[in-house]
Amino acid sequence: MGVKHSAPTLLCQNIKYPDNLNLLDLPHDVLLLFCNYLPLQDLPNLSRSCTHLNLLVGHHIDHLTSVKMISSRARFLSTNTGLLTQMESLVDHVRKKEDLMGRKDMYRLLHIRPDKMEEVKRVSCAEERVTFIGRNSSDKVEVRDELGRKVVRVDRVRWLQVEYSWSEVKLGRYRVSVRMRVEDNFTWPHTEHQPTVWTVGSPVEEGEEDIVVGVDRAWWRHLRKGMTLGGRVSVEKEGLGKWVRVVLPEVNVKRVGVVQVKVRDTVCNWWKGGLSFDFLELRRVG
């Protein structure tokens, strides 16, 4: 991150190329450089082009799945076992590079990027320490998902609030996200002026305030349609299933203390529901 790549000398304008120059005529190192600029999802397509490019992609992803990446994953698992996503569970057997069972495991690791997950704290929404407030608590039920763990399904409530605080958070920049899923019985009878409010707070200096963002019914409708959403409260799809990550704005922790996340929907008093919540995540990004 932050590294700038200079253009290969081969691509300079003062070099004349033969009219019949083929991609495979380029040096191996230059082709590997091209691979660095391709999205991960395009590498399998490139590898199917021919035997030469298939071997090239194999060398590229083998280099990317470094021992450091796998050791970072081991540290992540030491604190988050039992709260893996579907994609993460597919490489649960990988503890060292020799455990990789072919390219599928390599692609899955590169999709997850465990080298960016060393400082990740997850908490299950089914735990008592996570606050769930509804107008009628009997309409909040716990069920087991496809990974065999409890998740919280909110079937029918008037007021909804989810809240949790991480304590003793060290200095740095952090990103908070909520793993959730829209169910088939999703109901959100809001008007355009009845927002759902997402809040993330951290130890602040005098004059600073928590980050508060409201999303309207259009945001929820787009979420129901499975759309990836940008903005201050963004939505990231996972590689498998219908679960998504709702990502809140980044917070800068300037002194050790508490980082808190809140989801509140209390303006609309009509019955709403059809949402499942899996876990809350605090990830250090800098």
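Q: Where does Ser177 sit?
A: Ser177 is in strand S6, which runs over residues 172–187. Keep in mind that this is a predicted model.

Q: Is Ser177 buried or exposed?
A: Ser177 is buried, with a relative accessible area of 1%. The cut-off for buried is under 20%, so Ser177 counts as buried at 1%.

Q: And what does Ser177 touch?
A: Leaving out residues up to four places away in sequence, Ser177 touches Arg245, Val246, Val247, Phe279, Leu280 and Glu281.

Q: Okay, zooming out. How many helices and strands are there in the protein?
A: The protein has seven helices and 13 strands.

Q: How much of the protein counts as buried?
A: 43% of its 286 residues.

Q: What share of the contacts is between residues 24 or more positions apart?
A: Taking contacts with a separation of 6 or more, residues 24 or more positions apart account for 73%.

Q: Let's do a helix. What span should H4 have, and how far apart are its ends?
A: Helix H4 covers residues 67–80, and its 14 residues should span 20 Å at 1.5 Å a residue. The end C-alpha atoms are 20 Å apart, which agrees.

Q: Which residues of H4 are buried?
A: Met69, Ile70, Ser72, Arg73, Phe76, Leu77 and Asn80. They cover an arc of only 155° around the axis, so they are on the same side of H4.

Q: What's exposed on the other side of H4?
A: Val67, Lys68, Ser78 and Thr79 are exposed there.

Q: What about phi of Gly82, which follows H4?
A: Phi of Gly82 is positive, near 95°.

Q: Which residue other than glycine has a positive phi?
A: Glu168 is one, with phi near 55°. Most residues other than glycine have a negative phi. Glu168 is found in strand S5, residues 160–169, and is exposed, with a relative accessible area of 60%.

Q: Switching to aromatics: how many pairs does the structure hold?
A: Eight aromatic pairs. One aromatic cluster is formed by Phe186, Trp188, Trp198, Trp219 and Trp220.

Q: Which charged residues lie over rings?
A: Among them is Arg156, whose charged end sits over the ring of Trp271, 4.1 Å from its centre. Lys272 lies over the face of Trp188, at 6.0 Å from the ring centre.

Q: Back to Trp219 and Trp220. Which residues of helix H7 are buried?
A: In H7, residues 217–224, the buried ones are Trp219, Trp220 and Leu223. They cover an arc of only 95° around the axis, which puts them on the same side of H7.

Q: What covers those buried residues of H7?
A: The cover includes S6, strand S7 (196–201), strand S8 (211–215), strand S9 (234–237), strand S10 (244–247) and strand S13 (273–284).

Q: Last one: where is Glu127?
A: Glu127 lies in the loop between S1 and strand S2 (131–134), and is partly exposed, with a relative accessible area of 32%. The C-alpha atoms of Glu127 and Phe279 are separated by 9.4 Å, with the two residues 152 apart along the chain. Phe279 is also among the residues that Ser177 touches.

Definitions and conventions
Residues numbered from 1 in each chain as written. Predicted model: local features only at pLDDT ≥ 70, side-chain atom pairs only at ≥ 80, totals over all residues. Heavy atoms only, no water. Helix = DSSP H or I, 4+ residues; strand = E, 2+ residues; numbered from the N terminus. Buried < 20%, exposed > 50% of the residue type's maximum accessible area, 1.4 Å probe, protein only. Contact = heavy atoms within 4.5 Å. Expected span 1.5 Å × (residues − 1). Arc of directions from axis to C-beta. Phe/Tyr/Trp six-rings, centres within 6.5 Å; stacked < 30°, edge-to-face > 60°. Lys NZ or Arg CZ within 6 Å of the ring centre and 35° of its normal.
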